[in-house]
Amino acid sequence: SVTNPGPGFVLRPGDQVQSLDDEGVKLQFENVPVEMILHQGAEAKVGEAAETPALTVERGRVDVDVKDKETDFLLETPHATAAAGSSDFTLMVTTNATALESKRGEVEITSLHSGNRLSGLGWVFDKNIQMVAQIE
């Protein structure tokens with residue numbers, strides 16, 4: 001488990017990361033053009049699969065910038081999974097809901113409960129894995 005990793009810290013499979021810093025913690029994968037900021041209170045774990053970079057977000061806000069259109073990136077929360085190519089988006093995870101808002105590109109989000117897939121600019125899922133709002 002790593003708390004507040006410093007500049008230049010590179011994520012590796014299995015790393016558990018937590019941000020207690022007021023300004024958040026900037027993270028990146030080794031040899032993958034994805035940059036993330038874990039904001040204060042965020043907790044995440046790096047996926048074990050080598051072929052697709054992945055991050056499981058347990059709670060908190062994470063800003064994600066997938067720089068390359070050839071890169072696939074997967075995020076998982078207690079409520080949904082989000083698959084992104086070249087995009088810039090924010091994922092907010094609480095005990096009761098997952099919210100996703102895309103600033104650039106399109107992100108596909110899939111309910112872990114129902115399997116329903118949605119894509120667009122932003123969505124909110126509640127703890128019962130129901131889509132409760134579309135962010136315009």
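Here is a walk through the model, one selection at a time.

**Before you click**

This is a predicted model, so local features need pLDDT of at least 70 and side-chain atom pairs count only at pLDDT 80 or more, while totals for chains, interfaces and linings use all residues. Residues are numbered from 1 along each chain as its sequence is written, and side-chain values use heavy atoms, with hydrogens and water left out.

**The whole chain**

Start with everything selected. You have 0 helices and 15 strands; helices (H or I, at least four residues) and strands (E, at least two) are DSSP runs, numbered from the N terminus. Of the 136 residues, 41% count as buried. Buried means under 20% relative accessible area, exposed over 50%, and partly exposed in between (1.4 Å probe, protein chains only). The accessible surface comes to about 7,200 Å², and carbon and sulfur atoms hold 45% of that; areas come from the Shrake-Rupley method with a 1.4 Å probe, and for residues only the protein chains shown count as cover.

Now color by pLDDT, the predictor's confidence in each residue, from 0 to 100. The mean is 77, and 79% of residues reach 70 or more. A contact here means heavy atoms within 4.5 Å.

**Select 54-66: strand S7**

Which strands pair with S7? S5, for one, pairs with S7 in the antiparallel sense over 5 bridges. S6 is antiparallel to S7 too, over 4 bridges, and 7 bridges join S7 to S10, again antiparallel. S8 pairs with S7 in the parallel sense over 3 bridges. Two strands count as paired if DSSP finds at least two bridges between them.

- Glu35 stands opposite Asp65 in S7.
- Ala44 stands opposite Val57 in S7.
- Thr56 stands opposite Glu76 in S8.
- Val64 has Phe89 in S10 as its bridge partner.

In soluble globular proteins, nonpolar side chains tend to be buried together.

Zoom in on Val64. Leaving out residues up to four places away in sequence, Val64 touches Val34, Glu35, Met36, Phe73, Leu75, Ser87, Asp88 and Phe89.

**Select Ser87**

Is Ser87 buried or exposed? Ser87 counts as buried because its relative accessibility is 0%. You'll find Ser87 in strand S10 (residues 87-93). Beyond four places in sequence, Ser87 touches Val64, Asp65, Val66, Arg104, Gly105 and Val107.

**Select 80-84 and 107-111: S9 and S12**

These strands pair in the antiparallel sense over 5 bridges. Pick Thr81, and its bridge partner in S12 is Thr110. S12 is mostly covered, with 4 of its 5 residues buried.

Then step to His79, in the loop between S8 (73-76) and S9. With 3% relative accessibility, His79 counts as buried. A polar atom of the His79 side chain lies 3.3 Å from the backbone oxygen of Thr95.

Gln40 is in the loop between S5 and S6 and is partly exposed, with a relative accessible area of 48%. Where does Gln40 make contacts beyond four places in sequence? Gln40 touches Ser19, Leu20, Asp21, Asp22 and Gly24. Gln40 and Leu20 are 20 residues apart in sequence, with C-alphas 4.9 Å apart. The Gln40 side chain also makes a polar contact with the side chain of Asp22 (3.1 Å). A polar contact is a pair of N or O atoms within 3.5 Å; within protein, one must be able to donate a hydrogen and the other to accept it, and residues adjacent in sequence count only if both atoms are side-chain atoms.

Last stop: Asn31, in the loop between S4 and S5. Asn31 counts as exposed, at 75% relative accessibility. Asn31 and Val10 are 21 residues apart in sequence and 9.4 Å apart in space, C-alpha to C-alpha.
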